[in-house]
Amino acid sequence: MSSFITLGEVRHESVSASEAKSVQAANSNSWKGASFPVENFQGYTSGFGYRRSATGGSGREFHRGLDMAAPDGSYIRNWWTGQVVEVSDNTLCGTSIKIQSGEWTHIYCHMKGHVEGGSSGRYLIDRTAGIQIWEGQQIPVGARIGRIGMTGRTTGPHLHWGLKYADQYVDPATVLRAMYSDQASAGTVSSNLQQRD
């Protein structure tokens, strides 16, 4: 059984410099057009920062993203318009896509499908969903780019969503709070973006 956290409850331990960068980066953008990255969202299961090892043991590790639970096979949407800079399926991240949007890099992990290569380059393919994403491809905001899976190091179906600003990891929860605030003031808040109590 998964435990859920709200964006307001995510706590950081020894990440104050990273937290300050997250807030600065999140507040330096207008988020009215951004898309929440998960359809059928159920809750946040692991925040950014130090945590107990996700796969057992007594060790601690730094978690460089925000885990968002959703039913297996739920669609993942592109957060911001950008170019696919990498597709991969041979890391702890599992089948993944990395997209560059100006100074921002967004990383989507544990997706269904796998990576193949062709004469035109490498691409992520999820045949069941009819999704094929090529390295170098431009992806519009909100486009379906994959589905929730359990590839790589994971204990349940979820999206691990990582964000970098100027090549430094930032807390995605800080960005989501800024998005919520920006979209609420514009009257365009997605129901998925609202914080859960």
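Select Trp79, Trp80, Trp104, Trp161 and Tyr165: together they form one aromatic cluster. Rings of Phe, Tyr and Trp (its six-membered ring) count as a pair if their centres lie within 6.5 Å; planes under 30 degrees apart are called stacked, over 60 edge-to-face, and the rest tilted. This is a predicted model, in which local features need pLDDT of at least 70 and side-chain atom pairs count only at pLDDT 80 or more, while totals for chains, interfaces and linings use all residues. Residues are numbered from 1 along each chain as its sequence is written, and side-chain values use heavy atoms, with hydrogens and water left out.

Stay with Trp104, which lies in strand 8 (residues 104–111). Strands (E, at least two residues) and helices (H or I, at least four) are DSSP runs, numbered from the N terminus. Trp104 has 4% relative accessibility and therefore counts as buried. Buried means under 20% relative accessible area, exposed over 50%, and partly exposed in between (1.4 Å probe, protein chains only).

A search of the whole structure finds seven aromatic pairs. Select Phe41 and Tyr44, whose ring centres are 4.7 Å apart and whose planes meet at 55°, so this pair is tilted. Both Phe41 and Tyr44 are buried.

Move to Tyr123 and Trp134, a tilted aromatic pair with 4.4 Å centre to centre and 40° between the planes. Tyr123 belongs to strand 10 (residues 121–126) and Trp134 to strand 11 (residues 131–134), so the pair ties together parts that are 11 residues apart in sequence. Tyr123 counts as buried, at 10% relative accessibility, whereas Trp134 counts as partly exposed, at 27%.

Then select Tyr75 and Arg144. Arg144 lies over the face of Tyr75, 3.8 Å from the ring centre. A charge sits over a ring if NZ of Lys or CZ of Arg is within 6 Å of the ring centre and within 35 degrees of the ring normal.

Finish at the cysteines. The structure holds one disulfide (a pair of cysteine sulfur atoms within 2.5 Å). Cys93 and Cys109 form this disulfide, with their sulfur atoms 1.7 Å apart. Cys93 sits in the loop between strand 6 (82–88) and strand 7 (95–101) and Cys109 in strand 8, so the pair ties together parts that are 16 residues apart in sequence. The link of Cys93 and Cys109 is left-handed, with -75° about the S-S bond. Cys93 counts as buried at 16% relative accessibility, and Cys109 counts as buried at 4%.
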